[in-house]
Amino acid sequence: MSLLVEQPGILSLIQDYGRFGYHNLGLTTGGPLDVHAFKWANRLVHNQLRASAIEISIGGLNLKAQGDIYIAVTGANMPLTIDGRECDLWTSHRVHSGQCIALGYASEGCRSYLAVARGLLIEPSFGSTATVMRERIGGLHGTKLAQGDVLPCADTHNLERLTLPLNNRPVYPSHARLRMVPGYQYSAFTQLKKSLFFSSKYQLTDRSDRMGMRLQGPNIASSIRQMLSEGICQGAIQVPADGQPIVLLNDRQTIGGYPKLGSVMAIDCACLAQLRPGDWVRFKAVSIHESHNINSVAALAFTRQHPLPVK
Amino acid sequence: MNVAIAGENSFIVYFANQASPIISAQIDLTIQAVLERLGPAIVDLIPSYTSLLVIYDLDQVDHFWVRKQLYAAINQPEKITPGSSASTELPVYYSCESGPDLELIATRSKLSIEAVIDLHQQGCYQVYAIGFAPGFAYLGEVDPRIATPRLSTPRLKVPQGAVAIADRQTAVYPAMSPGGWNLIGLCPLKLFNPTANPPMPIKVGDQVRFRAIGKAEFLHLGGALSDNLFGHSGVI
């Protein structure tokens, strides 16, 4: 059983939860930019939460089912049709062999996740199927989906269909407040630059991708001119000499030599990844204790939100 | 030594202000101590020059526990003996045919091409960091006489195995990629092989030496030379 890619859309990538434990070889994490929507896609088709799915950026993906399957699409507001019939997002659907699954272009948000019951059956490399195009690793051939690609999956019958109630679905506005934990070279930035950073709006530029979101706004360059390359974690806010911050995401390089203010919490990196060029963000500093609380509350909320059966 | 927060799930340990083989050995020892104490709670470790980034699993442990364990791991008394780290020898076919920037380095340094090759292969290099691309190892430091700044315009195509110099660093390109380092030879071995275990013959903290080989041995060891090895532009 499989899914045939009839139109790949702008950027559709196979992603599982990410590649961990290989940063020492220079391999980055990859994985879904919006982990929340990714986990829900898998949960709605009764998958293990880290199963391989498709991340669709902007939209335009058309697939043909070659077998009877169940799917769910979550994330950005991308119109979903199955054989021309409009279908609800955040809901599992039955797809019969020969039917076409089509995703239009997102009206709100930027990334969607399409999960198939029992997951896409892709051979992992370095323990993961996450596609990192820069490294030519993961997915089918280390690159984005292309017309004619065949994605193996399992035939599924009699799955209980689920839907996430409307009030539990996230909304994707064109701005975000990014909570960050101060760290790295934070003290090498003057108080004035830090005040400027936390009180200003920064706009997403079009030079943003899965490696990092390049922002534009008041100059907040540090006094550091040269430093030795060091390990970079998810969400790190890098400030090169031009004083324009870059928030580093899933496909970031593992080491780098620019000063950093600290790191955006993963939960807010997901919101950032749903923005488009021209949208704006603000930053808010949180202590490491607050970040732990925020994560605990979010984890609890996720387990306590229950999808309802579709009648 | 200084332990700083890097992010919600990571610490960065700074060992010194300047890189040296002793600091590298110390980082290597710390990695082992961290793995012993924090084992399964570690998601990833990134050693580099003078620091170690420790990424931990927030589902299992919290900041307080990791910080406590990290301090214990750092303060574990261990004898540091530089030079006891693993050493690897890499064969290199140095020539103008396989290293299009050899001539440029020789001219800059007012040395003969043979002298440049000699100086490069006499060095014993420390693996300071791995990054930029999978398997790309930063080795230091080359003799100051052959230190050469990066090309002003990077090449669009540097072949797999290219041995290169940038300032006082040297490296072997693990795969074909764009690159701005000065190319002086080719290594016939595959330095990053996803299907091998381990995928890389070297790790951070190891030492590397280069051994000059001739064209015949290069080809015998699996090396390949083709017409358009360095892209159309040739030198620079």
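Q: Where does B:D167 lie in chain B?

A: This model is predicted. B:D167 is located in the loop that connects β9 (162-166) with β10 (169-172) of chain B. Its backbone deserves attention: phi is near 50 degrees, a positive value in a residue other than glycine.

Q: Is B:D167 buried, exposed or partly exposed?

A: The general idea is to count neighbours: a residue with 20 or more other C-beta atoms within 10 Å is buried, one with 12 or fewer is exposed, and the rest are partly exposed. B:D167 has 15 other C-beta atoms within 10 Å, so it is partly exposed.

Q: Which loop holds B:Y49, and is B:Y49 buried or exposed?

A: B:Y49 sits between β3 (42-48) and β4 (51-56) of chain B. Its phi is near 45 degrees, again positive in a residue other than glycine. With 24 other C-beta atoms within 10 Å, B:Y49 is buried.

Q: Which residues does a cis peptide bond join, with omega of about -10 degrees?

A: The angle to read is omega. The bond between B:G140 and B:E141 is cis, with omega about -10 degrees. B:E141 belongs to the loop between β7 (137-140) and β8 (155-158) of chain B. A cis bond also leads from B:N197 to B:P198, where omega is near 0 degrees. B:P198 is in the loop between β12 (182-186) and β13 (207-212) of chain B.

Q: How is chain B divided into domains?

A: Chain B comprises domain 1 (2-74) and domain 2 (87-220). Contacts between them involve nine residues of domain 1 and six residues of domain 2 of chain B.

Q: Which elements of domain 1 of chain B give two or more residues to the side that touches domain 2?

A: They are α1 (21-38) and β3 of chain B. Helix α1(B) supplies the largest share, five residues. By class, this side of domain 1 of chain B has six nonpolar, two polar and one charged residues.

Q: How many helices and strands does chain A have?

A: Chain A has four helices and 22 strands. Its radius of gyration is 20 Å, close to the 19 Å given by the globule rule for 311 residues, so chain A is as compact as a globular protein of that length. Its C-alpha atoms fill a box of roughly 60 × 40 × 30 Å along the principal axes. Buried residues account for 51% of the 311 residues in chain A. Of the contacts in chain A with a separation of 6 or more, 78% are between residues 24 or more positions apart.

Q: How many bridges pair β2(A) with β3 (residues 53-57) of chain A, and which residue stands opposite A:Q15?

A: These two strands pair over five bridges, in the antiparallel sense. A:A53 in β3(A) stands opposite A:Q15.

Terms used. Residues numbered from 1 in each chain as written. Chains lettered and ligands numbered in written order. Predicted model: local features only at pLDDT ≥ 70, side-chain atom pairs only at ≥ 80, totals over all residues. Rg over C-alpha atoms; globule rule 2.2 N^0.38 Å. Contact = placed C-beta atoms within 7 Å. Domains from an automatic or database assignment. Nonpolar A, V, L, I, M, F, W, Y, C, P; charged D, E, K, R; others polar. Pairing = 2+ DSSP bridges.
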